[in-house]
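Work through the exercises below with the sequence and model at hand. Try each task before reading its solution.

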Amino acid sequence: MNHSNAVQAHMHRDDYGAKIGMWLFLFTELILFGGLFIVYAVYRFTYGDGFSLASKELDTLVGMINTIVLLTSSLTMAMSITAIQQGRRRLSIGLVGATNALALVFMVNKYFEWTAKFHHGLFPGGKELLERTNGEILYFGLYYVMTGLHAIHVLIGMVIMTFMMVYLKTGHVNKDSFVKLENSGLYWHLVDLIWIFLFPLFYLIH
Amino acid sequence: MSNHALASQSARTDFMRAAGSRKGILSWILSTDHKRIGILYMIAMGIFFAVGVLFGLLIRLELIAPGKTIMEAQTYNSVFTLHGIIMIFLFIIPGLPAVFGNFFLPILIGARDVSFPRLNLLSWWLFVAGGLMAIVSVFLPGGPADTGWTFYIPYSVRTSTNVIPALLAAFTLGFSSILTGINFVTTVHRLRAPGMTWFRMPLFIWSLYATGWVQVLATPIVGITLLLVVVERALGVGIFDPALGGDPILYQHLFWIYSHPAVYIMILPAMGLISEVIPVFARRTIFGYSFIAFSSIAIALLGSLVWAHHMFTVGMSDTAQWIFSLLTFLVSIPSAIKVFNWVSTLYKGSIELEPPMLFALAFIFQFSIGGFTGLMQGALALNMHLHDTSFIVAHFHYVMFGGTGFGIFAAMHYWFPKMFGKMYNKARANVSFILIFIGFNVLYFPLFIAGYMGMPRRYYDYLPEFQSLHFISTIGSWILVLGLIMMVANLLMGLRNGSRASSNPWGGTTLEWTIQSPPTVENFETIPVVATGPYDYSRYERGEHA
């Protein structure tokens, strides 16, 4: 108790409140992507043919692997929370580590996918792309913007996971106080959920 | 709650003087005390407001006569753009929630702080970072943005000025606003004192709660939209570029999906503040408490559905036009409910014309004019005539400045003795109010007439028949600025050597008046137990004056 009074006054624990705050933040994330989904919907409606043509150039297999990878990472994330609730700290660290590793696999996959497109000149302002129809140009524009913004969220998630591993190791997150890990889990499931929508919109609908 | 023995030790030391773990300026800019953060916002906002006023003054000076008066056309475009960005993103939007919301939201619900004090500090830092980015964009090579605060496509992609820094500034400020919203909504849910039921909350809290939701749900849309413009400028993706199949009108839709609700982020807290001031200075229990509370929520909901009334001239379908027109008329109902309730509260009240009350009464007057002229623009046929004229400029200045701006001034005069424990000179405050009131109306009312006659907004030059109106308007701007300087000087003098204020100088009944001025770090020695509604003036109403 060697903190000053000022610090004391502002230290109080409210796990339920912390989760309310996290959910509110997730709403903002949903709406952030929501803006892009509106744009996607408008242009898919306007340029159905171009979108259909362009979407055939994405590799459904790569997309499917990434979907499985992300879904599995959500599973390990949820398991890590259960593990810490049961007081199995080492297991929990391992599961968060697994989540992080799966996120890395996702990003590596994404990297190869993007570079392959770049080699074909299919990037905003690329010569090959500009020779195509408006629908295809917009499709690839949205593809990069939406999967790009999603990838940024995956990277942020990886940073958060790393912090969680440190917190678990130092005991800052423990059997009795694990709301930080829960909130990280909520964030990670959101990142997963966004992908669940991106995957069919770009890879499956032709 | 936290350690009780420690809490009572600091009971007499107010938050301004309390010794924290840090010294000097660090004890402020790294403080997580909601009151210190409120003051930090006030200082930052005051500086930005002064810059915004200066730009506004320059705009008016340029328009005093047709043709070039003091600046080039390009400079003029940048000046009105910066005036808009600064006033909207750095003054009006954060104005009441960030300054007075931060300071008083926990106190008014009987809490020691907001739910996430560190997040609160982060939002102030983001606010400052965003403000600095906006200022830096002025001095970078390329020159300040000249797009207007709306960043309309395609010009915002084509212009060679520093649009990207300005966009990123707005994005950062939006993030700051979201964090404040999350904090306030959670705080209202979690930290109300025992007995502080939803319907015993002061109406200022209701309006902050509704505002918090709008901040959380609307701001991300403009965030992504502004990012798309950045991407468009940097990479040429084509989403808004007709040459590549994109649709510039889609930008306008996305922009206004946020920016119309943002108008309610600006006005709702001011409405809440007026609902605090009126009962205190009329010595009356507020009329129609639950109507005012629910109308805040109704405004937040309906206000999210009317965005396209900014775009009646872009060529939407007739069906879309009339639906948006209808919704625009509907959103005026909850606003009108509030005005009726305020006026009914005044009826048979024992009215004291103290400075906060004067600003509040001017709010009702000017907000009504601003509201009615807004309805006029909601009518489709009239909108064709009024669109993009100075009528619009006058309308939103009546709502934003005559409404929210005066609300902020009312809040400053109302809560000044509580925040600093001192009282300003009331006579000088009254004189500055009169100057501001006259200056404001002389400045903006002629713009209604000029706009109705066809004066376009944002124009650098104009036809000679508008000159007398522009001349009157510019004179008004001088009176207004004189009043503003006098008001600020008076408050600063009050801060330096004002007389000591009692803990309840106005006879208010809400929780902030039950604690010492300035409040202690902990706000309350023990968390109060609330047993009545916020505005209990029944003993005055029975004729038993104190």
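**Exercise 1: burial and fold of chain B**

Of the 546 residues of chain B, 55% count as buried (20 or more other C-beta atoms within 10 Å of the residue's own, C-beta atoms being placed from the backbone; exposed means 12 or fewer, partly exposed in between). This is a predicted model, where local features need pLDDT of at least 70, side-chain atom pairs count only at pLDDT 80 or more, and totals for chains, interfaces and linings use all residues. Residues are numbered from 1 along each chain as its sequence is written, and chains are lettered from A and ligands numbered from 1 in the order in which they are written.

Task: compare the radius of gyration of chain B with that of a compact globule.

Solution. Take the radius over C-alpha atoms; the globule rule is 2.2 Å times the number of residues to the power 0.38. For 546 residues the rule gives a value near 24 Å, and chain B has 23 Å, so the two agree. The C-alpha trace spans about 70 × 50 × 45 Å along its principal axes.

**Exercise 2: Gly56(B)**

Task: decide why Gly56(B) counts as buried.

Solution. Count C-beta neighbours inside 10 Å: Gly56(B) has 22, so it is buried.

**Exercise 3: the side facing chain A**

Task: find how many residues of chain B are in contact with chain A.

Solution. Apply the contact rule (C-beta atoms, placed from the backbone, within 7 Å). 43 residues of chain B meet 34 of chain A. H8(B) gives the largest share of this side of chain B, nine residues.

Note on methods:
Two residues are in contact if their C-beta atoms, placed from the backbone, lie within 7 Å. Helices (H or I, at least four residues) and strands (E, at least two) are DSSP runs, numbered from the N terminus.
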